[in-house]
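Please keep the sequence and the structure in view while reading.

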Amino acid sequence: MNGPPLDPDVADVAPNEPALTAYDEQHVVTYIRLLQAEGEGADWREVARVVLHIDPEREPDRAQTAYQSHLVRAKWLTEQGRLLRSAGST
């Protein structure tokens, strides 16, 4: 059984759909990593660089927008109970 990619590239802005999308399913690991980093108090710039593959020094606006939108999406998916289900847990 194939799972989601472990380190996929991300769009500049995460989806804002009212339902789980194919993009969300492909980025489950990204969302989990963002939530873990936030919980550990990691600097958003380092998270953007490592997790999102966006250099915040070269592209500060893009990095911050991508970080914020993906973190919001990760929280939404978690609150909706869909993140864990899409990762294979029930």
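Which residues are buried in α2? They are V28, V29, T30, Y31, L34 and A37, where buried means under 20% relative accessible area, exposed over 50% and partly exposed in between (1.4 Å probe, protein chains only).

## Basis of the model

The model is predicted: local features need pLDDT of at least 70, side-chain atom pairs count only at pLDDT 80 or more, and totals for chains, interfaces and linings use all residues. Residues are numbered from 1 along each chain as its sequence is written, and side-chain values use heavy atoms, with hydrogens and water left out.

Helices (H or I, at least four residues) and strands (E, at least two) are DSSP runs, numbered from the N terminus. Helix α2 covers residues 28-39, and its 12 residues should span 16 Å at 1.5 Å a residue; the expected span is 1.5 Å times one less than the number of residues. The end C-alpha atoms of α2 are 17 Å apart, which agrees. After α2 comes G41, with a positive phi near 75°.

T30 is located in helix α2 and counts as buried because its relative accessibility is 3%. Beyond residues up to four places away in sequence, T30 touches P8, V10, V51 and L52, contact meaning heavy atoms within 4.5 Å. The C-alpha atoms of T30 and D9 are separated by 9.1 Å, although these residues are 21 residues apart along the chain.

## The nonpolar core

A nonpolar core is a set of buried Ala, Val, Leu, Ile, Met, Phe, Trp, Tyr and Cys residues joined through side-chain atoms within 4.5 Å. The largest such core has 18 residues, and Y31, L34, V47, L52, I54 and Y67 have the most contacts inside it. At least two residues of this core come from each of α2, α3 and α4, and α4 supplies the largest share, 6 residues.

Two of these residues illustrate the packing. V47 touches L34, A37, A42, L52 and Y67, with residues up to four places away in sequence not counted. Y67, in helix α4, is buried because its relative accessibility is 7%. Leaving aside neighbours within four places in sequence, Y67 contacts L34, W44, V47 and L52. Between the C-alpha atoms of Y67 and I54, 13 residues apart along the chain, the separation is 9.2 Å.

## How α2 meets α4

The axes of α2 and α4 come within 9 Å and cross at roughly 100°; axes are lines fitted to C-alpha atoms, for helices over the stretch in contact, and angles run from 0 to 180 degrees between N-to-C directions. From α2, Y31, L34, L35 and E38 meet Y67, H70, L71, R73, A74, K75, L77 and T78 of α4.

H70 lies in α4 and is buried, at 0% relative accessibility. Apart from neighbours within four places in sequence, H70 is in contact with V10, A11, V13, A14, Y23, Y31 and L34.

H53 lies in the loop between α3 (44-50) and α4 (60-79). Its phi is near 65°, a positive value in a residue other than glycine. H53 is partly exposed, with a relative accessible area of 33%.
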